Amino acid sequence: MRKCRKITGVILCLLLVLSLAACGGDGADGSGAGGGEQAKVVFCTYGDDSELGVYKAMVDEFNETYGKEHNIYVEHTPIAITGYTSYITSMSTAQESYDVFLVIEDNFKRWVNMGFVADMTSYFDAVTDIDTSDIFENTVDRLRLNVANNTSNKTDPLYGLPLDTKPSAVYYNETLFEKAGIRIISVDEQDMDAWNAGEIPDRRGQYKADFPELAGITVPKKGYYRSRTPYVSGYNWTLPADDEITVFNNRIPMNWDEMEDLAMIFSVHNPNAGKNFGTEYGMFTEWWFNYGWSVGGNCLQDLSGNGDWNFSLLDSTPNYIVASESGYTGEWTGKSYGKGETLEFNDKFDVPAGKVMEPDEEGGYTVDGKQVGIRASVETAAQNGTLQALPSVRDAFTRYLRLGASQDSVIENMGGLSISPNPITFNNRTRQNYWFSGKMAMLVDYSTYIETFSREAESNGFEWDVAPLMVYKEYTNPLDPACDTVKVVGKQAGECNSKAMVVRERSSVKEAAAQFICWMASKEGQSIRAQNGHFPNQRALLEGIQYNGYAPQNVTVFSEALEYQGAGDWWYLPDDAWIQVWANPLNSEVRNGTLAYDLWKKAAIPDTNKKLLEY
């Protein structure tokens with residue numbers, strides 16, 4: 001079936017329909033147990049050659065082992081990427097069709113609500129001879145859904161199990177960094193004291209003595225360090241002096257200031273950037289998530305817990321993170337928070353029990369017509385150190401927008417930074433192409449591009465690696481280059497998309513399909529992914545991934561990110577119509593400088609909340 005991928009258009013669809021009609025619902029009882037008629041499961045997939053090769057290897061291994069033992073045979077049926085969605089939806093109600101198929105998070109809730117994805121809770125529970133306990137919980141829980149109230153609690157129905165994951169990180173061009181005189185080290189934060197003392201090498205085998213220019217300097221525990229005049233938002237930026245020490249540590253997340261400081265070297269802020277490096281911009285990220293989520297904010301909130309959705313991306317009130325080992329109990333939700341967790345939306349506001357806030361058109365909230373502020377007990381807890389205040393989600397979001405905004409633009413009374421290209425800058429190129437062409441130094445993107453970037457880097461003649469996503473972090477003295485004492489830090493956050501295996505509602509082999517899915521998600525199945533350089537969903541397999549020579553040295557950043565990265569806003573509701581209301585003008589006009597931020601904001605809040613009333 002691999003060669004069928006190259007057939008396109010009507011011919012492909014006709015061949016696939018004939019193929020599935022011949023082998024789909026074969027009348028088996030679906031028990032999957034040994035003896036009796038064989039249960040045949042049709043598995044529809046899509047992907048590039050590497051992905052399809054891994055799927056085929058996994059299916060072949062299943063058929064030769066567990067499948068043979070339990071009288072189950074799986075037929076792997078690849079579908080062309082361009083026609084996959086239309087094929088899955090058009091064939092969903094056919095009498096004989098596919099059984100197991102792949103769904104990305106963008107489509108999961110939409111397809112469940114369309115009624116052709118089966119609730120597999122009882123079928124998975126019946127599979128007792130396959131262990132799936134080591135799968136990352138945050139990927140499994142995205143596949144739970146109570147259709148009536150759109151919740152994804154641990155007790156809600158489970159529709160599938162994850163197969164692929166794609167965590168994100170900062171890709172950076174090491175050759176450009178080195179041209180700019182930036183020293184690159186790879187030292188975990190807890191090991192910095194020992195590395196500074198010359199006792200241990202970093203993860204690349206480099207001792208501090210290998211950097212003679214660092215003699216007499218204690219390199220602070222920062223993602224990016226410059227020895228004289230670090231940039232802090234709101235202050236003027238200066239180019240590092242010729243004799244100034246700059247160090248990039250790819251094991252410690254940069255804070256917002258440090259990332260901007262570093263990016264400015266490769267942007268219009270440096271008049272020699274083009275001549276010396278060939279760059280136009282310092283960095284690019286398509287997503288605001290690790291900014292807003294890091295401070296405990298979000299773009300969507302349920303004001304009642306019963307589906308009263310509100311567009312909260314422009315909420316201007318501070319967020320709060322638990323700083324005390326003893327934790328904190330929310331007064332509205334009753335939730336017990338542990339250290340490092342951020343308060344849920346309703347727990348920070350002064351909302352009386354049984355009351356539900358009403359959003360206004362400015363990004364604020366009222367109860368009984370009166371403006372709602374922060375709960376007094378929350379402010380008290382922040383004063384005594386139980387909680388720490390973090391920036392609002394509006395602050396985080398507008399900090400993100402300023403990356404690509406022009407310096408003469410106005411976003412929340414601040415100018416743009418011009419360190420990031422706007423979407424129109426790519427001029428029909430992809431962000432990936434723009435990065436490996438050397439036009440910018442850093443790019444936030446998915447793990448799935450590792451192999452492509454490795455080939456392109458070799459072709460374009462540069463070295464590269466990856467680093468963790470930026471995080472909100474404030475030092476006690478941010479203007480002191482050597483100060484790494486943290487006053488307050490947000491939580492690590494980022495977006496990690498994934499593909500999951502689900503079952504068609506009309507499939508007649510659900511029991512066998514459940515066994516197949518559990519096996520594919522288990523250590524047995526996921527080990528094949530690891531052996532072929534793809535990220536497994538099993539923690540125990542992460543150290544054994546075999547990349548065949550194309551992985552960056554700091555590749556563990558991606559596996560570490562699996563612990564905390566989550567689904568994007570396209571997963572929150574059954575469709576993304578509510579997102580299009582504010583995101584389309586934001587991405588096509590505001591970010592490209594053709595619509596003022598204030599005009600966008602004026603319409604985005606009421607228009608999005610109006611659309612949310614339909615859910």
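Over the ring of which residue does the charged end of Arg504 sit? I looked this up first, and the ring is that of Tyr98, with the charged end 5.5 Å from its centre. I counted a charge as over a ring if NZ of Lys or CZ of Arg is within 6 Å of the ring centre and within 35 degrees of the ring normal. I noted a further case in Lys499, which lies over the face of Tyr46 at 4.1 Å from the ring centre.

Basis of the entries. The model is predicted, and local features need pLDDT of at least 70, side-chain atom pairs count only at pLDDT 80 or more, and totals for chains, interfaces and linings use all residues. Residues are numbered from 1 along each chain as its sequence is written, and side-chain values use heavy atoms, with hydrogens and water left out.

Aromatic pairs. I found 49 aromatic pairs in the structure. Rings of Phe, Tyr and Trp (its six-membered ring) pair if their centres lie within 6.5 Å; planes under 30 degrees apart count as stacked, over 60 as edge-to-face and the rest as tilted. I examined Tyr171 and Trp464, a stacked pair at 5.7 Å centre to centre with 25 degrees between the planes. This pair links distant parts of the chain, 293 residues apart: Tyr171 is in strand E5 (residues 168–173) and Trp464 in strand E20 (residues 464–467). Strands (E, at least two residues) and helices (H or I, at least four) are DSSP runs, numbered from the N terminus. Both Tyr171 and Trp464 are buried, that is, under 20% relative accessible area (1.4 Å probe, protein chains only). Ring pairs also join them into a cluster whose members include Trp435, Tyr449 and Phe558.

Ser418. I located Ser418 in the loop between helix H15 (393–402) and helix H16 (431–436). Ser418 is buried, with a relative accessible area of 13%. Leaving aside residues up to four places away in sequence, Ser418 touches several residues, among them Ser267, Tyr281 and Arg402; contact means heavy atoms within 4.5 Å.

Pocket linings. For the largest pocket I recorded 11 nonpolar, 19 polar and 11 charged lining residues. Ala, Val, Leu, Ile, Met, Phe, Trp, Tyr, Cys and Pro count as nonpolar, Asp, Glu, Lys and Arg as charged, and the others, Gly among them, as polar. Strand E10 gives the most to this lining of the largest pocket, with three residues. In the second largest pocket, the largest share of the lining, four residues, comes from H17. On a 1 Å grid over the protein atoms alone, a pocket is an open set of points where a 1.4 Å probe fits, with protein on both sides within 12 Å along at least five of seven lines, and lining residues have an atom within 4 Å of a point.

Technical notes: Buried < 20%, exposed > 50% of the residue type's maximum accessible area, 1.4 Å probe, protein only.
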